[in-house]
Structure formats: structure tokens, C-alpha cells
Amino acid sequence: MEHQCRITVLETRVFPELQEKYLADPKSGPCPCFKPGDTFLLERNGQRDDFWHMLEGRFCAEAWDCVSRYVYAALQVGSIMKGWTNDEKMMIACCNDGTRPVIFKIERIDVEDRAQ
């Protein structure tokens, strides 16, 4: 059985009061990389290896740093967060941008063998 991983952007937040107080550009606004509803489907097989290539640059490096451990577990058929979430094949994670965080849903998808 093959496994895929789907990352879905659930929500983006912005904290203008923190941006105003701490950022060099106090009007930075929300994350420019992601919008709610954006989805990314990752595969790791003989034809593709989206994990090691961070989706060929289509994913923010800071956000990738926060979600990659869960993506790796999903693609390696592991339990992402057994006992933490109501589905061990799913995790909710957040990027570490404190003034404009993005909340992601990471899911392991079990795919029937294509050779059958």
C-alpha cells in the first residue's frame, strides 16, 4: 500500500498590533504564501519524492520546518499523533510566524497499490 500526505490550509491569522510593535514593516499583513483552502498533495514513491524537495519550492520554508515531521510520518505510514487527535492519521499544526500564523491540517492518505 502506498501513502500520500495532504496538507490543507485551515486558517490564516494576523496580529496587526504585534506587527506594529515589533516588525520592521509594521504593515506586513497576513501571510503572502497561503490562503485558507489551499491544498498540497505529497507523494513519496519511485516516481516522485515531494518530501525532500519541499514541493519544488511551492511551500514556505518556515512553515515546512513546522509541518515536515508530520508529513514524513504520514508518508512513512506512521501514526501522526496517536492519542492526541481524534484520528491518528491527522494532525493540526501551525507555522511559527508569531504575527501571521497559518494553521494546517496534515493527513495521511492510504492508497491502494496501483500495481493490482
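The following questions and answers concern a predicted model of a single chain.

Me: In what pattern do the helices and strands follow one another along the sequence?
Reply: The chain has two helices and four strands. Read along the sequence, these elements follow the pattern β-α-β-α-β-β.

Me: What percentage of the contacts with a separation of 6 or more is accounted for by residues 24 or more positions apart?
Reply: The C-alpha trace spans about 55 × 30 × 20 Å along its principal axes, and buried residues make up 35% of the 116 residues. Among contacts with a separation of 6 or more, the share from residues 24 or more positions apart is 64%.

Me: How far apart do the centres of the positive and negative side chains lie?
Reply: The chain exposes about 7,100 Å², of which carbon and sulfur atoms supply 52%. It carries 15 positive and 19 negative side chains, and the distance between the centres of the two sets is 3 Å.

Me: Is Thr-85 buried or exposed?
Reply: Thr-85 lies in the loop between α2 (61-75) and β3 (90-94). The cut-off for burial is a relative accessible area under 20%. Because the relative accessibility of Thr-85 is 18%, this residue counts as buried.

Me: Which backbone oxygen lies 2.8 Å from a polar atom of the side chain of Thr-85?
Reply: A polar atom of the Thr-85 side chain lies 2.7 Å from the backbone oxygen of Asp-87. Leaving aside residues up to four places away in sequence, Thr-85 touches Met-90 and Met-91. The backbone oxygen found at 2.8 Å belongs to Met-90.

Me: What is the N to O distance in the salt bridge between Glu-11 and Arg-13?
Reply: The whole structure contains eight salt bridges. Glu-11 is partly exposed at 31% relative accessibility, and Arg-13 is partly exposed at 41%. Their side chains meet in a salt bridge with an N to O distance of 2.3 Å.

Me: Which residues are linked with Glu-107 in a network of salt bridges?
Reply: Glu-107 is buried, with a relative accessible area of 16%, whereas Lys-105 is partly exposed at 26%. These two form a salt bridge in which the closest N and O atoms are 3.8 Å apart. The residues linked with Glu-107 in the network are Lys-105 and Arg-6.

Definitions and conventions
Residues are numbered from 1 along each chain as its sequence is written. This is a predicted model: local features need pLDDT of at least 70, side-chain atom pairs count only at pLDDT 80 or more; totals for chains, interfaces and linings use all residues. Side-chain values use heavy atoms; hydrogens and water are left out. Buried means under 20% relative accessible area, exposed over 50%, partly exposed in between (1.4 Å probe, protein chains only). Contact means heavy atoms within 4.5 Å. Accessible areas come from the Shrake-Rupley method with a 1.4 Å probe; for residues, only the protein chains shown count as cover. Lys and Arg count as positive and Asp and Glu as negative; His and the chain ends are not counted. The place of a charge is taken as NZ of Lys, CZ of Arg, CG of Asp or CD of Glu. A polar contact is a pair of N or O atoms within 3.5 Å; within protein, one must be able to donate a hydrogen and the other to accept it, and residues adjacent in sequence count only if both atoms are side-chain atoms. A salt bridge is a side-chain nitrogen of Lys or Arg within 4 Å of a carboxyl oxygen of Asp or Glu.
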